[in-house]
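Subject: Structure handover

Hello,

Please find the structure for your work below. My notes on what was found in it come after.

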Amino acid sequence: MPGMVLFGRRWAIASDDLVFPGVFELLVRVLWWVGILMLYLMHRGKLDCPGGVLLSSYLIVLLVLLAVIIGTVSAIVCVSMKGTICNPGPRKSMSKLLYVRLALFLPEMVWASLGAAWIADGVQCNRIVGNGIIATVVVSWLIIASTMLTILIVFDPLGGKAAPGAPLGPQPLDSRESNQLLSGLKTAATSVWETRVRLLCCCVGRDDHTRVAFSSTAELFSTYFSDTDLVPSDIAAGLALLHQQQDHARSPPEPTEVVTHSPGPFQEADLDAELENCQHYMQFAAAAYGWPLYVYRNPFTGLCRVGGDCCRRSTTDYDLVGGDQLNCHLSSILQTTGLQHRDFIHISFHDKVYELPFLVALDHRKESVVVAVRGTMSLQDILTDLSAESEPLDLECDVQDCWAHKGISQAARYVYRRLVSDGILSQAFSIAPEYRLVVVGHSLGAGAAALLALMLKSSHPQVRCYAFSPPRGLLSKSLYEYSKTFIVSLVLGKDVIPRLSVTNLEDLKRRILRVIAHCNKPKYKILLRGCWYELFGGIPEDLPTDLDGGDLTQPLLGEHSLLVHGSPAYSFSSESPLESPTKYPPLYPPGRIIHLEEEGASGRCSCSPAARYTVRWADESEFSRILIGPKMLTDHMPDVLMRVLDHVVSDRTTCVSCPAQGGSSVDQA
């Protein structure tokens, strides 16, 4: 940090990022040099073949060239180790060293080409020497190719515009020139991000929804990364520091408004009943993923169980549409839910941007019509997730300020149209008119299920929704309060998705800037310590912390160097571009929240045999900050959630008298 400026443009790599690649290249070069030296000393007497003099000269020049490169790379590594992330001053000579190193690629390419030509001419000489030359040419071109690939990766298309070609002194931020410059940079950044998204999702399609999703995703990314001069390794170092900072504080700060008194008998009974419902309906949410999740959960027997049905011809006994391997999906759904063919009204695996797969089934055990919406499982779903603007919801209720996540709202509208316009719900209730409606989903499907329940509330007043690991940035505050009467969300541990929203991402960026500015260690030490801590644990370092409060309205001195020069769009107040009250207002998770929280220090893996969980009702404010940890992703996986939920419900069922201090604790056997 900041991104290096070479050849008049900024690159997406900092001057302290060259320690690890430099050490790796140094190791390869030293071994290479030693090997060539031994080859020359041991076989120089056998170079009396035709062309042997030229070959001897080739090896000598190669040894000298490698020695110069080794010295240059050693200097690059030493300089890259100096300073801190926010203090690149001790590394000011890095650009000159890199110019020298890049210049050395020219003679190296020439010499590699000569070696290749020598091999092509088929000069007959000592076989060992010939093999050594072949190995030398191969290694040379591999290093050259890897260097070219690295240059492509760290190339910043906006580097020419972002390079500090203008004076960096104070300038009037409200001037017309400054506003035009910033507007041009934002437009260029959005265009670059849209090109990247299109390339990554080249096989998705080109319909209107996809084009809108591309634009929304590009605008989100360009806005989020436009106001700071961070490279990817800075973010990795900041996350490593934040994790240790959290663990040193022992626990996240508890919001002052959270009620901490012991739950009453009614709350405890209600919690047990809803947990049992969650365990039951989680099977439908998992079934909506189809055969991939089923095979993943049953790696040894899953393929055998669904394999036979995959080859069967389609039948018209049930409504099964969209996608491939439909019979495989159906077989896995039957295995997961335990239902029969006749219990399914509609199964759809049609998958496009803003259009999610879902199933409708009759659950005779709970006497309910279950609508299960699938979570994220494709590039189309990811684009739906990343369409994070807010849009108004037209609901038949008395709630004011009805806003929701745009992409998930569009997906919920699609499922709503299919259920109502295509008569799917009417068909289900014509078979079982006394049943109640239950909508479920996991992850993206949980968000869509919650919004779908809100849309169906007026026509089905008894509707219930169970949202498993829903995204936080889903509903406006008024809708969140309204949804508490009929929606229950379930969150496991430090799962990142129920804490993920545009507002929380902005908060995470601020915390990364703050912790990086506080740290006085070089980046390579931060990353080494962070990798060790993530893999093996240990005692977290005593880092300066702002978790206990502090003024975040003004950046620290070191943080000024992390902000884009002359950018008025970013401040440590509430005026960040991602906190626009119209486009990105604060959004909240749906309904009442049950939190399954692992007691003590979380294990390093998601399958700890003796994990102990606290089960309690939680307030949404407890999920207002993204927590960093090794299980922040695994806690979101549906198979992990199902396993923990099964153990928790089983233990609570057999428990005669569970402790009631701040929730109930159960062991996971």
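Val5 has Arg10, in strand S2, as its bridge partner. Strand S1 (residues 3–6) runs antiparallel to S2, and the two pair over three bridges; pairing requires at least two DSSP bridges between the strands. Strands here are DSSP runs of E with at least two residues, and helices are runs of H or I with at least four, both numbered from the N terminus. Two residues separate S1 and S2 in this hairpin, and Phe7 in the turn has a positive phi of about 55°. Because five of the six residues of S2 (residues 9–14) are buried, the strand is largely enclosed by the rest of the structure. Buried means under 20% relative accessible area, exposed means over 50%, and partly exposed lies in between (1.4 Å probe, protein chains only).

**Basis of the values**

The model is predicted: local features need pLDDT of at least 70 and side-chain atom pairs count only at pLDDT 80 or more, while totals for chains, interfaces and linings use all residues. Residues are numbered from 1 along each chain as its sequence is written, and side-chain values use heavy atoms, with hydrogens and water left out.

**Whole protein**

The protein has 21 helices and 14 strands. Of its 669 residues, 51% are buried. Among contacts (heavy atoms within 4.5 Å) with a separation of 6 or more, 76% are between residues 24 or more positions apart.

**Nonpolar cores**

A nonpolar core is a set of buried Ala, Val, Leu, Ile, Met, Phe, Trp, Tyr and Cys residues joined through side-chain atoms within 4.5 Å. The largest one has 44 residues, of which Val360, Val369, Leu419, Leu437 and Leu451 touch the most other members. Elements that each supply at least two residues to this core include strand S5 (358–363), helix H14 (406–421) and helix H16 (444–456). H16 gives the most, with 10 residues. Beyond four places in sequence, Leu437 touches residues including Val369, Phe429, His460 and Arg464. A second, separate core holds 43 residues, among them Ala285, Ala286, Ile347 and Val370.

**Arg297**

Arg297 is in helix H10 (residues 291–297). This residue counts as partly exposed because its relative accessibility is 33%. Setting aside neighbours within four places in sequence, Arg297 is in contact with Thr336, Asp639 and Met642. Arg297 and Asp639 are 342 residues apart along the chain, and their C-alpha atoms are separated by 6.4 Å.

Regards
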